[in-house]
Amino acid sequence: MVSSAVVEEEDVVAVVMAASRLVMGMSARALAEVDESLSLPQLRTMVALEGCGPVKLAELAEVLGVNASTALRAVVRLEAVGLVDRRANPDSRREVILTLTPSGATLVARVLRHRRREVAKLVEAVPPEARSGLVAGLRALLDVAGDRSVHVPEAAEEFRRLVL
């Protein structure tokens, strides 16, 4: 017989996995509505840049949880379509700083607005008495995971203070 704590954990994992698929689907639909040519990993790269840019490639890779060559491939593709800008670091010409272009920032804002509207519709349909439990549970999950999507590497903050 399986203990109730194990069953509960398995239930939580199943629900979190289903919620993850739901959010990924909403992200994919939002992206398709705004720009069919971009992939979800490219959007994720742009959202990370929006949240922590200007930033060096190694720090972007850290935020994304990928290696630098994977991050570079995404950046090169996004730069080719005018959504990301690479420029030399004024303090060290060997380093490159990444930022969203105005077009990239506009695209990210449009996709996130679309996704936010979809999430808001879902939340509106959740009974009010269940919302507080949802908020508490998701906050606990984010606290344990550490939300990398909003993590700003220390070096990016230093660069912002110097340049912006």
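Predicted model: local features only at pLDDT ≥ 70, side-chain atom pairs only at ≥ 80, totals over all residues.
How many residues lie in the hairpin that joins strand 2 to strand 3?

**View A. The hairpin of strand 2 and strand 3.** Two residues make up the link through which the hairpin joins strand 2 to strand 3. Strand 2 (residues 84-89) runs antiparallel to strand 3, and six bridges hold the pairing. Within this pairing, Arg87 is placed opposite Ile97 of strand 3. In a regular strand, side chains alternate between the two faces of the sheet.

**View B. Strand 1 beside strand 3.** Strand 3 (residues 92-100) also pairs with strand 1 (residues 55-56), in the antiparallel sense and over two bridges. Here Val55 stands opposite Leu98 of strand 3.

**View C. The crossing of helix 3 and helix 4.** Two packed helices are described by the angle between their axes and the distance between the axes. For helix 3 (residues 57-64) and helix 4 (residues 68-80), the axes come within 8 Å and cross at roughly 105°. Helix 3 is therefore roughly perpendicular to helix 4. At the contact, Leu57, Leu60 and Ala61 of helix 3 meet Ala68, Ala71, Leu72 and Val75 of helix 4. The residues of this contact comprise seven nonpolar, no polar and no charged.

**View D. Helix 2 and its buried residues.** Helix 2 (residues 40-52) contains 13 residues and reaches 18 Å from its first C-alpha to its last, close to the 18 Å expected at 1.5 Å a residue. Its buried residues are Gln42, Leu43, Thr45, Met46, Ala48, Leu49 and Cys52. An α-helix has 3.6 residues a turn, so residues three or four places apart point the same way.

Definitions and conventions:
Residues numbered from 1 in each chain as written. Heavy atoms only, no water. Axes fitted to C-alpha atoms, helices over the stretch in contact; angles between N-to-C directions. Helix = DSSP H or I, 4+ residues; strand = E, 2+ residues; numbered from the N terminus. Parallel < 35°, antiparallel > 145°, perpendicular 65-115°, else oblique. Contact = heavy atoms within 4.5 Å. Nonpolar A, V, L, I, M, F, W, Y, C, P; charged D, E, K, R; others polar. Pairing = 2+ DSSP bridges. Expected span 1.5 Å × (residues − 1). Buried < 20%, exposed > 50% of the residue type's maximum accessible area, 1.4 Å probe, protein only.
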